[in-house]
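Here's a quick briefing to read alongside the model. Grab your viewer and follow along.

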Amino acid sequence: MEPIAPNCVYLDLETTGLNRTSEDEAVEIAIVGAEGETLLHTRLRPKRLAVWPGAEAIHGISPADVQDCPTLDDVLDQVIDAVRGRQLVIYNSAFDLDFLPPAVVDATAGHCCCMEAFAQFYGEWDERHDDFRWKKLVFAADHVGHVWSGSAHSALADAQATRSVWQWLVRHGVF
């Protein structure tokens with residue numbers, strides 16, 4: 001059986017910050033393919049920050065967990081190879097794309113924000129923002145019946161959840 005959205009790859013990052021600042025960096029990256037296969041998954045050592053208590057409280061990745069890991073620069077060629085010529089789907093693309101160099105997006109066939117697509121499908125209007133209300137990945141994943149293979153807020157589990165949400169949207173004719 002042909003996979004749903006066969007040209008898509010799904011990326012997620014865990015970061016040092018909850019609100020993007022110039023100092024924040026990725027501490028974990030995962031990319032999964034159309035059939036759920038792991039194309040890349042690794043923790044990353046930030047170059048600028050030594051501690052990130054707020055983000056650590058969410059994803060549980062401590063400085064000690066990444067002290068011997070590669071940097072994003074070290075794995076950049078692998079990231080580019082994993083997304084090259086594919087449609088890149090990210091749950092909150094505006095946030096995650098800020099952590100990636102332009103060469104990553106340049107290698108893709110385009111990118112989509114799964115969070116915005118799900119918000120439009122779900123249809124809850126936000127008067128204050130004059131747009132559809134964004135929903136957290138856990139909410140969207142639960143809505144589509146995703147079965148978590150790991151903890152939410154780990155890059156690999158979140159990339160898998162993003163895949164489930166995106167493929168559910170495709171199956172239900174949102175695209």
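Is Asp 81 buried or exposed? Asp 81 is exposed, with a relative accessible area of 53% (buried means under 20%, exposed over 50%, partly exposed in between, with a 1.4 Å probe and protein chains only). Bear in mind that this is a predicted model, where local features need pLDDT of at least 70, side-chain atom pairs count only at pLDDT 80 or more, and totals for chains, interfaces and linings use all residues. Residues are numbered from 1 along each chain as its sequence is written, and side-chain values use heavy atoms, with hydrogens and water left out.

**Helix H3**

- H3 spans residues 72-83, and its buried residues include Leu 72, Val 75, Leu 76 and Val 79 (helices, H or I with at least four residues, and strands, E with at least two, are DSSP runs numbered from the N terminus).
- Looking down the axis of H3, the buried residues fall within an arc of 165 degrees, so they line one face of the helix (the arc is that of the directions from the helix axis to the C-beta atoms).
- That buried set packs against strands S1, S2, S3 and S4 plus helix H5 (contact means heavy atoms within 4.5 Å).
- Over on the other side of H3, you'll find Asp 74, Asp 77 and Asp 81 exposed.
- After H3 comes Gly 85, with a positive phi near 75 degrees.

**Salt bridges**

- There are 7 salt bridges in the structure (a side-chain nitrogen of Lys or Arg within 4 Å of a carboxyl oxygen of Asp or Glu).
- Asp 81 turns up here too, meeting Arg 84 at 2.8 Å, N to O; Arg 84 is partly exposed, at 49% relative accessible area.
- Asp 65 and Arg 43 also form a salt bridge, at 3.9 Å, N to O. With Asp 65 in helix H2 and Arg 43 in strand S3, the pair ties together parts that are 22 residues apart in sequence.
- Asp 126 and Arg 133 pair up at 3.4 Å, N to O. Asp 126 counts as buried at 9% relative accessibility, while Arg 133 is partly exposed at 31%.
- Shared partners join Glu 124, Asp 126, Arg 133 and Lys 135 into one salt-bridge network.

**Pocket linings**

- S1 gives the most to the lining of the largest pocket, with 4 residues.
- Helices H1, H4 and H7, like S1, each supply at least two residues of that lining.
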